[in-house]
Amino acid sequence: MSTPFLSVRDLRVHFSTEDGVVKAVDGLSFDVQKGRTLGIVGESGSGKSVTNLAILGLHDREHTTIEGEIELEGKELLAASERELEHLRGNKMSMIFQDALASLSPYHTVGRQISEAYRKHTGASKKEARARAVEMLRRVGIPQPDMRVDDYPHQFSGGMRQRAMIAMALVCDPELLIADEPTTALDVTVQAQIMDLLKDLQQETGTSIIFITHDLGVIADIADDVLVMYGGRCVESGTKQEVLRTPEHPYTWGLLGSMPSLDSPVDVPLVPIPGTPPSLLNPPTGCCFHPRCTYTDSVPGERCTTVVPPLELENGRGAACHLDDGQRARFSADLAGSRPH
Ligand code: SF4
């Protein structure tokens with residue numbers, strides 16, 4: 001495989017709190033290839049968003065300790081100054097958040113916010129930047145962009161605001177786009193339109209995307225590669241086909257079992273994963289998933305509760321679990337047989 005566009009190695013993001021150290025991300029490694037979409041999936045508190053704030057250098061520096069390596073085209077970001085990061089954010093990488101209303105200023109027109117972002121990073125004139133804002137609004141499918149450019153965010157619908165935020169994130173043609181649950185607050189139709197828009201823009205520009213979600217259905221739609229996070233670690237990774245067709249980790253099996261399918265018969269019940277996500281202040285010993293796992297009896301001795309399972313990857317594929325290959329294949333096949341397709 002070619003040199004990755006983004007490479008993250010042994011990333012640890014820890015917060016100091018009054019109650020102790022929260023290990024929000026604890027030894028995470030992954031790559032994002034040029035022009036591909038990495039889907040990061042997991043429940044809230046699994047470390048997905050924290051990872052991406054660290055990549056962008058937007059974490060709270062006062063209370064956060066970060067270790068490891070984050071390289072963007074060979075440039076080490078953790079050693080970069082705030083000024084360098086500011087330059088990279090916008091030019092090389094940008095982010096779309098879940099809540100467009102909170103991310104857009106209510107006091108300025110949509111067009112001004114897009115054009116200011118453009119001017120800041122390119123030094124373009126006001127006239128050029130306005131023309132660029134209109135062009136971006138057209139690209140993201142806002143009707144009558146030359147008129148709507150002068151609207152305020154509250155005059156846009158939720159779906160249009162999300163499009164406007166995508167326009168703002170893409171105005172400087174970033175090479176890495178981080179989308180953090182960008183469609184969660186939207187209805188299913190608008191969600192599908194936004195996903196199509198991101199796919200089209202990626203085809204046009206070759207942007208690499210990190211798409212963060214709690215929803216494997218969204219991953220199935222948009223991702224090329226998948227990273228499943230649990231308790232601040234990667235528990236499974238592979239291509240979308242590998243992870244969705246032959247999942248190897250009990251947590252991924254649980255996520256798939258709790259996911260509705262369009263063609264499921266109505267009488268097939270969804271099975272939620274029992275229990276709650278782990279405390280990152282006092283994480284469980286051994287495998288972080290063991291309090292919720294129904295396969296611990298299949299592993300000899302007390303290994304699930306005492307030994308952290310390593311993640312050994314072969315060509316980016318693997319799962320962190322003590323079950324042996326034969327057991328994983330058997331359990332995975334049994335579950336696939338019981339799941340509606
Ligand atoms: Fe379950 Fe043990 Fe595998 Fe963890 S290591 S996922 S507890 S079987």
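This is a predicted model: local features need pLDDT of at least 70, side-chain atom pairs count only at pLDDT 80 or more; totals for chains, interfaces and linings use all residues.
The overall shape was examined first. The secondary structure comes to 13 helices and 11 strands. The radius of gyration is 21 Å, close to the 20 Å that the globule rule gives for 341 residues, so the protein is as compact as a globular protein of that length. Along the principal axes, the C-alpha atoms fill a box of roughly 70 × 50 × 40 Å. Of the 341 residues, 48% count as buried. Among contacts between residues at least 6 apart in sequence, 64% join residues at least 24 apart.

Strand β1 (residues 6-17) runs antiparallel to β2, and 10 bridges join them. These two strands form a hairpin with two residues between them. T17 of the protein stands opposite G20 in β2. Strand β1 also runs antiparallel to β4, through eight bridges. There, S7 stands opposite E71 in β4. Strand β4 (residues 64-72) in turn pairs with β5 in the antiparallel sense, over two bridges. L72 stands opposite K75 in β5. In a regular strand, side chains alternate between the two faces of the sheet.

Another open sheet has seven strands, in the order β6-β7-β8-β3-β9-β10-β11. Here the pairing is mixed. Strands β6 and β11 (318-319) stand at the edges with a single partner strand each, so one side of each is left without a neighbour in the sheet. Strand β3 (residues 37-41) runs parallel to β8, and five bridges join the two. The bridge partner of G39 in β8 is F211.

F211 also belongs to the largest nonpolar core, which has 37 residues. Within this core, I96, L137, I166 and F211 touch the most other members. Several elements give two or more residues to the core: α4, α5 (126-139), α7 (158-170), β7 (176-180), α8 (188-205), β8 (208-213) and α9 (216-222). Helix α7 gives the most, with seven residues. The surroundings of L137 were listed, leaving out residues up to four places away in sequence. On that basis, L137 touches V110, I114, I142, P145, V149, A164 and A167. A second, separate core holds 29 residues. Among them are L72, L85, I210 and C234. In soluble globular proteins, nonpolar side chains tend to be buried together.

An α-helix has 3.6 residues a turn, so residues three or four places apart point the same way.

Cysteines were checked next. The structure holds zero disulfides. C234 is in no disulfide, and the nearest cysteine sulfur, that of C287, is 12 Å away. A disulfide requires cysteine sulfur atoms within 2.5 Å. C234 has 8% relative accessibility, so C234 counts as buried. C293 has 16% relative accessibility, so C293 counts as buried too. The cut-off for buried is under 20%.

E312 was taken as an exposed case. E312 is found in the loop between α12 (303-306) and β11. Its relative accessibility is 62%, so E312 counts as exposed. The cut-off for exposed is over 50%. Not counting residues up to four places away in sequence, E312 touches R317 and G318. E312 and T189 are 123 residues apart in sequence. In space, E312 and T189 are 39 Å apart, C-alpha to C-alpha.

Definitions and conventions. Residues are numbered from 1 along each chain as its sequence is written. Side-chain values use heavy atoms; hydrogens and water are left out. Buried means under 20% relative accessible area, exposed over 50%, partly exposed in between (1.4 Å probe, protein chains only). Two strands pair if DSSP finds at least two bridges between them. Helices (H or I, at least four residues) and strands (E, at least two) are DSSP runs, numbered from the N terminus. The radius of gyration is taken over C-alpha atoms; the globule rule is 2.2 Å times the number of residues to the power 0.38. Contact means heavy atoms within 4.5 Å. A nonpolar core is a set of buried Ala, Val, Leu, Ile, Met, Phe, Trp, Tyr and Cys residues joined through side-chain atoms within 4.5 Å.
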